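Reader: Hi, thanks for making time. Could you walk me through this model?
Author: Gladly, let me put it up.

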Amino acid sequence: MNIAVLSKVEAFFGNYTLKHFDGRQILIHAGEDPKGIIYLQSGQVRQYDITERGDEVVVNVFKPPAFFPMLWAINKSPNEYFYETVGKVEARVAPVDEALSFIKQNPDVVYDLLSRLYSGVEGMQRRMAHLMGGSSRSRVLFELALECRRFGVKGRDGSFALMIREEELAKRCGLARETVSRELAELKKNHIIEVNYNHFVVKDLNHIEAELGTRL
């Protein structure tokens, strides 16, 4: 989001009370109409569904300055997903009619929203390709690469620190935690990643992305 658009978005949502949420707090339940459009000011929010077996399948993860759920707001589509905080979150909630009016009056905000939407769609298409045609290794590699590009903290040596637990990574991969553990152990043995208590360090993102290119 460029500076001009960000300033407009922040000015609009700044009219509404800043709210604080703890980790693992559900902001929107599946099957319910949201109370408004949520503007994420800090932290992360994951969007997920629950399978018939009770497994969580992560569809998307939002980071600032995202605002959602726009599919429900624009198309009046039923909300079928849970939206849950990942760690502590600060957010503002605007009434849907006022948010839509703001968007319609600002074409540059619409363009930016579409740009980010299509970028997200491309990521989901790549994830779907690995889900349908890839191995468990390629699915883990893809999620690690995606986490690096979207949320990773880059070190001076070119490594990326990822503040994500193994259990959460498994949900984003759509794999059993045991399967993800085996793949991570192999990557660790080959010195591609380091695994710590509550985060990973990807030491060689280039290697991961190069291997991904040969996995489909």
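Author: Let me start with a loop: Pro69 is found between β5 and α2 (70-75). Helices (H or I, at least four residues) and strands (E, at least two) are DSSP runs, numbered from the N terminus.

Reader: What kind of peptide bond joins Phe68 and Pro69?
Author: A cis one, with omega at about 0 degrees. Pro64 and Pro65 are also joined by a cis peptide bond, with omega of about 5 degrees. Pro65 has its place in the loop between β4 (56-62) and β5.

Reader: Before we go on, what are the ground rules?
Author: This is a predicted model, with residues numbered from 1 along each chain as its sequence is written. Local features need pLDDT of at least 70, side-chain atom pairs count only at pLDDT 80 or more, totals for chains, interfaces and linings use all residues, and side-chain values use heavy atoms, with hydrogens and water left out.

Reader: Good. How many helices and strands does the chain have?
Author: Its secondary structure comes to eight helices and ten strands. The C-alpha trace spans about 55 × 45 × 30 Å along its principal axes.

Reader: Switching to aromatics: how many pairs turn up in the whole structure?
Author: The search finds nine aromatic pairs. Rings of Phe, Tyr and Trp (its six-membered ring) pair if their centres lie within 6.5 Å; planes under 30 degrees apart count as stacked, over 60 as edge-to-face and the rest as tilted. One of the pairs is Phe12 with Phe102: the ring centres are 4.4 Å apart and the planes at 5 degrees, so this pair is stacked.

Reader: Where do Phe12 and Phe102 lie?
Author: Phe12 is in helix α1 (residues 3-13) and Phe102 in helix α3 (residues 96-104), so the pair ties together parts that are 90 residues apart in sequence.

Reader: Is Phe12 buried or exposed?
Author: Phe12 is buried, with a relative accessible area of 11%, and Phe102 is buried at 11% as well. Buried means under 20% relative accessible area, exposed over 50%, partly exposed in between (1.4 Å probe, protein chains only).

Reader: And what about Phe68 and Tyr83, how do their rings sit?
Author: Their centres are 5.4 Å apart and their planes at 10 degrees, so they are stacked too. Phe68 lies in strand β5 (residues 67-68) and Tyr83 in strand β6 (residues 82-94), so this pair ties together parts 15 residues apart in sequence. Both Phe68 and Tyr83 are buried.

Reader: Which residues form the aromatic cluster?
Author: Phe12, Phe13, Tyr16, Tyr39, Phe67 and Phe102 form one.

Reader: Which ring does the charged end of Arg46 sit over?
Author: The ring of Tyr48, 4.5 Å from its centre. Lys63 lies over the face of Phe151, at 5.6 Å from the ring centre. The rule is that NZ of Lys or CZ of Arg is within 6 Å of the ring centre and within 35 degrees of the ring normal.

Reader: Last one: what is the phi of Arg24?
Author: It is near 60 degrees, a positive value in a residue other than glycine. Arg24 is found in the loop between β1 (19-21) and β2 (26-28), and is exposed at 51% relative accessible area. Lys76, also not a glycine, has a positive phi of about 60 degrees. Lys76 lies in the loop between α2 and β6 and counts as exposed at 56% relative accessibility.
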